[in-house]
Amino acid sequence: IEYSDFQCPACAAYYPMVKKLSQELPELAVVYRHFPLPQHINARTSAQAAEAAGKQGKFWEMHDMLFDNQTQWAESKISRETFLGYALGLGLDI
């Protein structure tokens, strides 16, 4: 079970290791729990974006998109628009 915040730099640094383990050990079940830190202005919105994607079966795809692009949106004041763009890119029904 991983407790994480999509805006957290340490979580982003740890993300490739978790992804690699998941690929190398298919029997490993990774459970993601949101832990948005209050000092991260986009933590809750990013968690909501991932949950919305999950309702359409694409949680992990959004998870990867958020961590892969964290430096682009982490301090943005227009993160909602960015996340909508990610959703469109994943083919989600907005």
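Which cysteine sulfur is closest to the sulfur of Cys11? Select Cys11 in this predicted model and look for Cys8: its sulfur is the closest cysteine sulfur, 3.2 Å away, too far for a bond.

**Stop 1: the cysteines**

A search of the whole structure gives zero disulfides.

Cys8 is buried, at a relative accessible area of 11%. Cys11 is buried too, with a relative accessible area of 16%. The cut-off for buried is under 20%.

**Stop 2: helix 3 and helix 5**

Next, select residues 59-68, which form helix 3, and residues 79-89, which form helix 5. Their axes come within 11 Å and cross at roughly 135°. Helix 3 is therefore oblique to helix 5. The crossing of the two helices is right-handed.

To see the contact, show side chains on both helices. From helix 3, pick Met62, Met65 and Leu66. From helix 5, pick Phe83, Tyr86 and Ala87.

What classes of residue make up the contact of helix 3 with helix 5? Colour the selection by class: there are six nonpolar residues, no polar ones and no charged ones.

How values were computed
Residues are numbered from 1 along each chain as its sequence is written. This is a predicted model: local features need pLDDT of at least 70, side-chain atom pairs count only at pLDDT 80 or more; totals for chains, interfaces and linings use all residues. Side-chain values use heavy atoms; hydrogens and water are left out. A disulfide is a pair of cysteine sulfur atoms within 2.5 Å. Buried means under 20% relative accessible area, exposed over 50%, partly exposed in between (1.4 Å probe, protein chains only). Axes are lines fitted to C-alpha atoms, for helices over the stretch in contact, and angles run from 0 to 180 degrees between N-to-C directions. Helices (H or I, at least four residues) and strands (E, at least two) are DSSP runs, numbered from the N terminus. Angles under 35 degrees count as roughly parallel, over 145 as roughly antiparallel, 65 to 115 as roughly perpendicular and the rest as oblique. A crossing is left-handed if the near helix is turned anticlockwise from the far one by less than a right angle, and right-handed if clockwise. Contact means heavy atoms within 4.5 Å. Ala, Val, Leu, Ile, Met, Phe, Trp, Tyr, Cys and Pro count as nonpolar, Asp, Glu, Lys and Arg as charged, and the others, Gly among them, as polar.
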